[in-house]
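Please have the sequence and the view open as I go.

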Amino acid sequence: MRGPLPDYPWDAMEPYLAEAALHPQGALNLSIGSPVDPTPESVRAALAAATDAHAYPATAGTPRLREAIAEWFLRRRGVVVAPEAVLPTIGSKELVALLPFLLGIERGEAVVFPRIAYPSYAMGAALVGADAIAADDPAEWPENTRLVWINSPSNPDGRVKDVVDLQAAVERARELGAVIAGDECYAEFGWESPWDTERIPSILDPRVVGDDHTGVLSVYSLSKQSNLAGYRAAFLAGDPELVEKLLTVRKHAGLMQPAPVQAAMVAALADETHVSEQLARYRARREILAPALTAAGYRIEGSDAGLYLWVTRGVDAWESVADFAKLGIVVGPGHFYGDNSPQHVRLALTASDEHVAAAAARISASL
């Protein structure tokens with residue numbers, strides 16, 4: 001049995017939201033990575049055409065959706081998976097939080113995740129009463145590890161694991177008999193060399209695992225690349241036996257992605273044009289915001305890929321949050337991402353062009 005859950009961390013932002021709202025030109029919220037750009041018309045049309053959804057949807061996904069996911073993995077990630085080795089999920093946060101439960105992890109066993117990390121990895125451990133271990137070095141993963149989360153590109157710090165890093169992680173997880181899951185939701189957004197020109201490797205990349213996916217899962221979401229956060233459109237792929245086990249548990253739990261969303265995902269996965277357009281939008285915003293931050297004395301760390309700028313000026317994160325709030329800008333404190341980033345704040349590139357430009361102008365004007 002799990003113990004009491006911690007308070008929801010974002011509730012601590014209320015005073016800073018109130019401070020930012022007092023700015024004469026209004027608040028600019030760069031703290032939450034929620035997309036603001038349009039959902040592609042082709043996806044919306046596919047959703048609308050599928051609204052006569054009177055029957056229960058398949059937990060496994062329609063055959064066409066599973067084929068589309070497998071085709072996408074080959075085309076965009078260089079990974080060969082069979083349609084039977086993929087599974088749609090109701091967004092990726094649901095899976096991150098529930099995977100320890102779906103795998104039957106119990107008290108006395110461990111879930112490992114990055115030292116600087118999205119908090120849902122630790123929450124998944126808490127929900128089943130397992131040990132939550134923040135450790136980047138595979139040598140530090142304990143013997144009771146049952147699940148390892150790799151996040152590349154990382155939220156919040158945008159760091160990327162290369163093939164060698166992923167190989168070491170998979171090898172250690174297999175030594176421990178643990179499942180290893182790669183959360184790769186930002187893999188289309190590489191900014192710094194070599195990821196501005198090279199494909200960011202998947203944990204299922206044949207250079208990492210060969211053709212053996214045993215114990216390995218890749219998790220992906222269409223929330224950011226296709227602006228489908230409101231659709232809850234995500235999926236996983238990997239070890240066929242593990243996928244079958246997860247499918248069985250999800251059937252019993254009634255975890256079914258709505259049929260219209262499944263149809264919309266097929267359209268999104270087939271259309272690469274809108275992904276390139278979204279990449280260009282995020283790049284343009286990054287090129288406006290990053291110079292303003294560095295000129296103001298903030299050091300950008302990591303941020304090689306993904307949708308955030310991870311910055312510090314060497315003071316406690318709450319002090320930086322307060323300073324940004326005085327400018328009417330809301331940012332996320334590093335404290336929300338574990339105990340190892342007390343001096344960093346996260347700024348999202350998912351705000352509108354106008355809001356990003358206005359934030360950069362306010363930061364520059366404050367110098």
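Let me begin with a definition, namely that two strands pair if DSSP finds at least two bridges between them, where strands (E, at least two residues) and helices (H or I, at least four) are DSSP runs numbered from the N terminus. This is a predicted model, in which local features need pLDDT of at least 70 and side-chain atom pairs count only at pLDDT 80 or more, whereas totals for chains, interfaces and linings use all residues. Residues are numbered from 1 along each chain as its sequence is written, and side-chain values use heavy atoms, with hydrogens and water left out.

With that in hand, the bridge partner of Phe-113 is Ala-134 in strand 4, and strand 3 (residues 110-113) pairs with strand 4 (residues 131-134) in the parallel sense over four bridges. Together with helix 5 (residues 120-128), these strands make a right-handed β-α-β unit, right-handed meaning that, with the strands pointing away from the viewer, the path from the first strand over the helix to the second runs clockwise.

How many of the 12 residues of helix 9 are buried? Nine are, so helix 9 is largely enclosed by the rest of the structure, buried meaning under 20% relative accessible area with a 1.4 Å probe and protein chains only. What covers these buried residues includes helix 2 (41-49), helix 3 (63-77), strand 8 (233-238) and helix 10 (273-295).

Finally, Ser-303 is placed in the loop between strand 9 (299-300) and strand 10 (308-312), and Ser-303 counts as buried because its relative accessibility is 0%. A polar atom of the Ser-303 side chain lies 3.0 Å from the backbone oxygen of Glu-301, and a polar atom of that side chain also lies 3.0 Å from the backbone nitrogen of Trp-310. Leaving out residues up to four places away in sequence, Ser-303 touches (heavy atoms within 4.5 Å) several residues, including Asp-157, Arg-159, Trp-191 and Arg-286.

How values were computed
Buried < 20%, exposed > 50% of the residue type's maximum accessible area, 1.4 Å probe, protein only. Polar contact = N/O pair within 3.5 Å; in protein donor to acceptor, adjacent residues only side chain to side chain.
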